[in-house]
Amino acid sequence: MHVTCPNCSTKYNLPDSMFKPGAKARCTVCKHMFPLAGEKAAPRAASPKDMGDDSIADLLGSSDSGFNLDAPSKKKPKEKGKSKLALVLVLLIVLLGGAGAGVYFMMPDLLGVGEKEAPTPAPNGTEDVAVTDNIKSLALRNVRQYYQPNEKVGQLFVVEGKVVNNFSTPKELVKVEVTLFDTNNVTITSKQQYCGITVSLFQLQVLGQQELESALNNKIEILTNNTNIAPGGEVPFMVVFYNPPASVSEFGVKVIEAKDPPKK
């Protein structure tokens, strides 16, 4: 027998045996509860074509409160299928994106990325990479630091050592930089110095600040001692800080500059 939901007009085709006194049905489209009543269908058996959208997809059960009916709908399965297809597409996109990112970071050569950029010219027109290459085989040796009382200045903080030329060609005008740090590894001060000159302990004790600086930066001695440093050769250095703060805890030394001798 045919039944129509009085609330949303969804049609159902139910067996006659379900039409019992007081029986009710619940529309699965709008959830409306209504008493079962209807007109008997034509005496011929209904074919699947005749039932169409009016056929029962499923009968979920019955109780005193009535039947729950699944109204057939051709649109819902399609919409569900579209949702599944969209979900699959999203997952594929995510997987492809993840694979692409993995190739980008782990195998950049395959994508042509990760190549080193050309060095940026330094302000003086030379390239930073050239400066680095020119000092990479200069090594520090016998570096030490100590405090030395001075009768004119007060307290001196002295750092001295040697720079060894491990290149296969001569080097000259080697310069070092000494940095002082506090207990938190914060830079307190730094100083640059050409190698080639050191002063005696007696000079450290009696010379004033200007006298010491003049002695350590004597151009004639620098040109004498800090040129044509042969492969395997070494050049001394000494850096003096005057009345350093009590917070000095550590120091660092590095070679920052060197030149190639002029070609003859």
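A salt bridge is counted where a side-chain nitrogen of Lys or Arg lies within 4 Å of a carboxyl oxygen of Asp or Glu. By that rule, a search of the whole structure, which is a predicted model, turns up nine salt bridges. Side chains of opposite charge can pair when their charged atoms come close.

**A pair between strands β7 and β8**
- R144 and E160 form a salt bridge in which the closest N and O atoms are 2.6 Å apart.
- Because R144 lies in strand β7 (residues 138-150) and E160 in strand β8 (residues 154-165), the pair ties together parts that are 16 residues apart in sequence.
- R144 is partly exposed, with a relative accessible area of 46%, whereas E160 counts as buried at 14%.

- At 45% relative accessibility D260 counts as partly exposed, while K171, at 3%, counts as buried.
- K175 forms a salt bridge with E257, with the closest N and O atoms 4.0 Å apart, and the two residues, in strands β9 and β12, are 82 residues apart.
- K175 is buried, with a relative accessible area of 14%, whereas E257 is partly exposed at 23%.

**A nonpolar surface patch**
- L85, V88, L89, L92 and L95 form a nonpolar patch on the surface, and together they have about 490 Å² of accessible area.
- L89, one of these residues, is found in helix α2 (residues 75-106) and is partly exposed, with a relative accessible area of 46%.

Note on methods. Residues numbered from 1 in each chain as written. Predicted model: local features only at pLDDT ≥ 70, side-chain atom pairs only at ≥ 80, totals over all residues. Heavy atoms only, no water. Patch = residues over 30% accessible without salt bridge, like charges linked within 9 Å, V, L, I, M, F, W, Y side chains within 5 Å. Areas by Shrake-Rupley, 256 points an atom, 1.4 Å probe, with all protein chains shown as cover. Helix = DSSP H or I, 4+ residues; strand = E, 2+ residues; numbered from the N terminus. Buried < 20%, exposed > 50% of the residue type's maximum accessible area, 1.4 Å probe, protein only.
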